[in-house]
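Please open the model in your viewer and keep the selection tool at hand. The tour moves from whole chains to domains, and then to a single sheet and its surroundings.

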Amino acid sequence: MMHSILSGDFPRSRVLTGLLIAIFIGLALGPFLFGGTVAFRTMGLICVFIIVVASYDLMLGYTHVVSFAHLMFFGFGAYGVAMALDAMGSNFTAIFVGLGASLALSVVVALLLGLLSLRVKAIFFALVTLAIAFAFMVLVNQLYFITGGEDGMRVAVPRELGPAFRMDDTWTGFSLVGWLWGVITNPLAVAEVTREAFFDVRMNGRLLMYYVTFVLATGLFLFMLRLVNSPFGKVLLAIRENEFRAEALGYRTVYYRTAVVVIASMLATVGGVLFALVTRYITPESTLDFELAVFVLLMCVIGGMGTLYGSVVGATVFLIAQNYLQDLLGGVSDWMEAMPLLHYVAGLFGADRWLLWFGVLFVLSVYFFPTGIVGQLRTWAAERERRRQGKAVAEGETAEQTG
Amino acid sequence: MSANISTMNGSSGGLRQRFAAFRDGYPHFFVLGLMVGVMLLLALVPYRTVAGPWLQAGEEVPALLQLFRLGFTTWFTLTVSGMAMGLMIFIMSSGMTLTFGLMSVLNLGHGGFISFGAFCGATVVAYLSHWGGSGSLMLTTGVLILAFFYAMLITGALGIFFERVVIRPVYGDHLKQILVTIGGAIILMELIHVIWGPTDLPVPRPDLLRGAVIFHDGVPLIGGAAIEIYRLMAVVVGLILYALMQLTISRTKVGVLIRAGVESTEMVEVQGYRIRMLFLAVFVVGSALAGLGGAMWGMYEQIVNAHMGEHLMIMVIVVIITGGLGSITGCFYAAILVGLINLYVGYLEPRLAGIATVGLMVAVLMWRPQGLIPVLRH
Amino acid sequence: MAESLLSLTDLHANIGQYHILHGVNLEVPRGELTVLLGRNGAGKSTTLRTIMGLTQVSRGTVRFKGEDITGAATPGIARRGIAFVPEGMGIFQLLSVRENMELAAASGPIDPQRLEWVFELFPPMKQFWDKDAGNLSGGQKQMLAIARAIIEPRELLLIDEPTKGLAPSIINDLRDAFIDLKDQEATILLVEQNFNFARALGQSVAVMDDGAVVHAGQMAALAEDEALQQELLGLSLGAHQ
């Protein structure tokens, strides 16, 4: 059964399998394991960005198309649904109208982009998409009477999906991090710590929306996994490895490439819709900024290009780092301030400097682990497997000799 | 009679052909002429002539015709200001286009150098603000030279480091170049935060460069036009730099090597030259120019922040693509086009300026996929 | 036979994933013109490119004047006195003839006397001195490519198929130029498909097939032995004449 769910594309590394299961369980039971609004928000974003990054990987990793306009499609979805809800009132029809309209727009624009990618060289394409995405952001900023401009717009989600919608019963959650922290810092009062770790989980529309997102993210991810392992995906890989040869074999690379751009863009649009509904507030900065496009690129590359699982790992690691690495660095910086000599470099470790270290990490990883976390884990697993087999063969030989 | 007709046909056909030849042979002049010409038309045709019928009837003049309100003095001011902006962008862009032309290296971290240069320049100007405030021509020139020189020195040095450490390992791999240089840009930007702090830095422009030159009303056509002194300075500096670059490229051995390298790096090596050293030199000069452009831009905006390079990169990218990747001449004209379209469109409809910039690029690419002045590559 | 200026020993090279050279052994005698013959894809051009350091050596050595230059960088190899005229000539089309020549004179300004000699060999170079090289005709471009290689005294010229795609009259001009070069005691390694051209010029000859040298010897011997020609090159001179 796992074979058909994962389309035969297994993680192929024990560590990776463990990591993926941990992420899956963490997200599935998240609201009951991690208390607090920051954690809740982070989990929602991870689900959304798994879709966005995985669809980006379809282009970057599977066809080597570098586009900076991916977030433009994300923005189509986010603004499409927000504007529909604004115009038609907070109901589900509006959501579907917004989704449909933005998907239609995405298809048209993605087709145009796909055709453009044939007219210009790959490197040109990257630059041109950058400029086009920028133009769209300017447009959103300028059309403030419908988009709210730089101030952004509130997304008036239907009541059923907001915090105001309450079901009567509260469930009980168990704060894993809090408990572990308590056990480590205060091992003598285990009972007390355990009692404090329980917290109430309110059953409201926010929780419902989170689970809608989670289920959609899981479903779309499995869909993409199926896509890349289908004959279609094999052609994409062939094009990536050698476009001339693929063309010579009779594949119209034109169609395949355009199809990838269209599919990836539609998925990004869905991601944008979910983003708007989860965060309930969108601004050009949070949906369209160049920096965000770079972040998506980072998530994809750090996780591992061309693996899809990489997008899960990349999005999770990056978003957790974005939200929690800051605290850690802040702690390091405070500690260094207090030390002699070290306080000169404390500035390098401030809470706001997390991006500096992520940038360094990123550059190093492109040099030394170009296949990202997933690629590296798989390489290690394959090496271990080879060593094990080599050993088995060697042992077999010695056994033969002695026998 | 028949001969007469044929010559007439010939001459009119010849005119069309000559126009087509001009359009394809000098696409940069063609687009520039088109843009300036349209604006000149709007400026020179009196508003009353066009809008007369509506004005007499007391009706509202259609929006499109209202564009004819542009007067010649305004046109003049806009054109000079557009050139000033364009030339500053040219200074920033030239390095990036040459780097690509010579080694096919795409440095998306170029914006980081622009920001860094802006901060270096701002530091000098702020430190020597009493010189700038003195109103003395010599001290003002001193501040400018020191600020620009310091910005170029630091960004040039950073360029050496960047080329050696960040770019060298990923020659020939565009995908990795894009990734690594974006990473490098993030690091540069964060370093600015570490060194100068997270807040914007104001740049006190020297007193002599404040205010505007106002042409005397008696001057024909442009009487009453006001042009900021700083923009005039930017035009002068930009034109001098362009002339220097053109001289270097057309007259010196280094220039011959650069042009040869753009055609084929391999054959330059076969002649016994170490192209890597040449490339390093070009990269360093390009970085220094990005720094200079950033410093000039910072003083122009009178405020700098770490993200400015990132935002300017959009214009830089539009310029180098529109001009034709690798071509200095193309870069120069495309930069001026971008500057002009920003000012022109910004005047007519401020909200469209940014979009017009990208629209210019898309339009040129539709017409000529390789940009205005394509670079031949083997 | 004269001493070797250049010697290749068991040279292996790959281009991408393709193994092109499988153990080339070749001696190029000083002061002679050696012709490298062989059918298309035999590895002749790759051999020249490998000598210049443009293709990575995976095994074997290249010795020039007794010095091991395997794996040296291309500019260093050029500075040791080897000139290379690649297939397709490799001239800089956007540069003028003058700039092409100035670039080739890597050690300083062009020696006027030598330039006069080059002009005598290739009169069109003087005529089009300040014109863009891209506007020259095919034969003139080939002349420029060779002129560029000899504008400074070099110890070894590597020339890849100079006659390719040229009209017979121009080929005759080129032959005269090569004969003049031979009189100057230049050492030349010439890749050629045109056997008549090769026979008229060559002193030594080597024949390559499938990435290795399968025959090496004196040109005179090969020119007389029709059976050997038939075997090595699949051609008979009788049919050509």
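What follows is a walk through a predicted model, one selection at a time.

**The chains**

Begin by colouring the model by chain, and look for the places where one chain meets another. Of the two pairs of chains in contact, the pair that shares the most contacts is chains A and B. Chain A and chain C, by contrast, are joined by no contact, and their closest C-alpha atoms are 13 Å apart.

Next, select chains B and C together. How many residues does each of them bring to the contact? Chain B contributes 15 residues and chain C contributes 17 residues. On the side of chain B that touches chain C, helix 11 (253-263) and helix 12 (265-270) of chain B each supply at least two residues, and helix 11 of chain B gives the most, with five residues. If you colour this side of chain B by residue class, you will find seven nonpolar, three polar and five charged residues.

**The two domains of chain A**

Now hide the other chains and select residues 2-311 of chain A, which the domain assignment gives as domain 1, and then residues 329-402, which it gives as domain 2. The centres of these two domains of chain A, taken over C-alpha atoms, are separated by 26 Å. Where they meet, 14 residues of domain 1 of chain A are in contact with 12 residues of domain 2 of chain A. Helix 2 (14-28), helix 16 (290-303) and helix 17 (309-338) of chain A are the elements that give two or more residues to the domain 1 side, and helix 16 of chain A gives the most to that side, with four residues. The residues of the domain 1 side divide into seven nonpolar, five polar and two charged.

**The two domains of chain C**

Turn to chain C, where the domain assignment gives a domain 1 made of 1-81 + 157-241 and a domain 2 made of 88-153. The C-alpha centres of these domains of chain C lie 23 Å apart, and 11 residues of domain 1 of chain C are in contact with eight residues of domain 2 of chain C. On the domain 1 side, helix 7 (168-183) of chain C supplies the largest share, five residues.

**The sheet of chain C**

Stay with chain C and select its six-stranded open sheet, whose strands follow the order 6-7-8-3-9-10 with mixed pairing. Strand 6 (82-85) and strand 10 of chain C stand at the edges with a single partner strand each, so one side of each has no neighbour in the sheet.

Within this sheet, select strand 3 (residues 33-37) and strand 9 of chain C, which run parallel and are joined by four bridges; here C:Val35 has C:Val205 as its bridge partner. Then move to strand 9 (residues 204-209) and strand 10 (residues 212-218) of chain C, which pair in the antiparallel sense over six bridges, with C:Ala206 opposite C:Ala216. Their hairpin has two residues between the strands, and C:Asp210 takes a positive phi near 50 degrees there.

Helix 1 (residues 44-51) of chain C lies across several strands, among them strand 7 of chain C, to which it runs at about 145 degrees. Helix 6 (residues 138-150) of chain C lies across strand 6 and strand 7 of chain C, and its angle to strand 6 is about 175 degrees.

Technical notes:
Residues are numbered from 1 along each chain as its sequence is written. Chains are lettered from A and ligands numbered from 1 in the order in which they are written. This is a predicted model: local features need pLDDT of at least 70, side-chain atom pairs count only at pLDDT 80 or more; totals for chains, interfaces and linings use all residues. Two residues are in contact if their C-beta atoms, placed from the backbone, lie within 7 Å. Ala, Val, Leu, Ile, Met, Phe, Trp, Tyr, Cys and Pro count as nonpolar, Asp, Glu, Lys and Arg as charged, and the others, Gly among them, as polar. Domain bounds come from an automatic or database domain assignment. Two strands pair if DSSP finds at least two bridges between them. Axes are lines fitted to C-alpha atoms, for helices over the stretch in contact, and angles run from 0 to 180 degrees between N-to-C directions.
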